[in-house]
Amino acid sequence: DNAGNKFIKEGSYKVQYLNSGLCNSEPGHAILQPINSDGTSIFKQGSTVAAKFRVCDINGAPISDPNLVKSFNLVKTISGTTTSNINESAISTTPNTNFRFDPINQQWIFNLTTKPLSPGKTYFYKVLLNDLSEIPFSVGLR
C-alpha cells in the first residue's frame, strides 16, 4: 500500500511441537520412566503403570495445553510369533481417563491399568498429539 504497511494474507497454520531434544532436562517428545523408551520395560500383570511424557515448544518450555493429546490407543500386541493389530483406547485406573498435566514436574501422566491385559505379551501404544505427531511405546507383561 501507499503507506508502506505490510499485510499478512489470511490463511491457516499448523502448530508443531519440538520433537526431539531436552525438555526440562528430560527427553522431549518421548515416553519417560518408569517406561523405557527402548521397549524393554516389563511389568507385572494387574499393576498400574504411569505413562509419562513431555512436549516442548521451540524454546524448550513444556506445553500444558489441555487439548495437547488427541488420542491414546493400544495399537498392537505380540504374543510369541503372533501379532495382532488393534486400535482401542488405553484404559486408565483413574476416573478421568485422559492424560493430565503435572505442573510440578511439567509432564503429562496417564495411569495405565494392566488388569484387563494378559501376561506373556508385549503391548504397543501410541499417543497422538494435536499436531498429529506421535509418541509410540511398548511394554511387556509377566
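A polar contact is a pair of N or O atoms within 3.5 Å; within protein, one must be able to donate a hydrogen and the other to accept it, and residues adjacent in sequence count only if both atoms are side-chain atoms. The structure is a predicted model, in which local features need pLDDT of at least 70 and side-chain atom pairs count only at pLDDT 80 or more, while totals for chains, interfaces and linings use all residues. Residues are numbered from 1 along each chain as its sequence is written, and side-chain values use heavy atoms, with hydrogens and water left out.

**Overall composition**

- The protein has 11 strands and zero helices; helices (H or I, at least four residues) and strands (E, at least two) are DSSP runs, numbered from the N terminus.
- Along the sequence, the pattern is therefore β-β-β-β-β-β-β-β-β-β-β.
- The protein has 142 residues, of which 34% are buried; buried means under 20% relative accessible area, exposed over 50%, and partly exposed in between (1.4 Å probe, protein chains only).
- Its accessible surface is about 8,800 Å², and carbon and sulfur atoms provide 48% of that area. Accessible areas come from the Shrake-Rupley method with a 1.4 Å probe, and for residues only the protein chains shown count as cover.
- Among contacts with a separation of 6 or more, 56% are between residues 24 or more positions apart, where contact means heavy atoms within 4.5 Å.

**The five-stranded sheet**

- Five strands form an open sheet in the order β4-β11-β10-β6-β7, and their pairing is mixed. Two strands pair if DSSP finds at least two bridges between them.
- At the edges of this sheet are β4 (42-43) and β7 (82-89), each of which pairs on one side only.
- Strand β6 (residues 69-79) runs antiparallel to strand β10 (residues 122-129), and eight bridges join the two. Across this pairing, Asn 73 stands opposite Lys 126.
- Strand β10 also pairs with strand β11 (residues 134-141), in the antiparallel sense and over seven bridges. Here Val 127 stands opposite Ile 135 of β11.
- Four residues lie between the strands in the hairpin of β10 and β11, where Leu 132 takes a positive phi near 70 degrees.

**Strand β5 and its partners**

- Strand β5 is mostly covered, with five of its seven residues buried.
- Strands β3 and β5 run antiparallel and are joined by three bridges; Ala 30 stands opposite Arg 54 of β5.
- Strand β5 is also antiparallel to strand β9 (residues 107-113), with six bridges between them. In that pairing, Phe 53 faces Trp 108 of β9 as its opposite residue.

**Arg 54**

- The side chain of Arg 54 reaches two backbone oxygens: that of Asn 105 at 2.5 Å and that of Gln 106 at 2.9 Å.
- Beyond its neighbours within four places in sequence, Arg 54 contacts a list of residues including Cys 23, Glu 26, His 29, Ala 30, Leu 32 and Gln 107.
- One of these residues, Leu 32, is 22 residues from Arg 54 in sequence, with a C-alpha to C-alpha distance of 8.0 Å.

**Ser 41**

- Ser 41 is located in the loop between β3 (30-32) and β4.
- With a relative accessible area of 4%, Ser 41 is buried.
- The backbone nitrogen of Asn 36 is reached by the side chain of Ser 41 at 2.6 Å.
- When residues up to four places away in sequence are not counted, Ser 41 touches Pro 34, Ile 35, Asn 36, Val 139 and Gly 140.

**The disulfide**

- How many disulfides does a search of the whole structure find? The search finds one, a disulfide being a pair of cysteine sulfur atoms within 2.5 Å.
- The disulfide joins Cys 23 to Cys 56, with an S to S distance of 1.6 Å.
- Cys 23 lies in strand β1 (residues 22-23) and Cys 56 in the loop between β5 (48-54) and β6, so the pair ties together parts that are 33 residues apart in sequence.
- The link of Cys 23 and Cys 56 is right-handed, with 70 degrees about the S-S bond.
- Cys 23 and Cys 56 are both buried.
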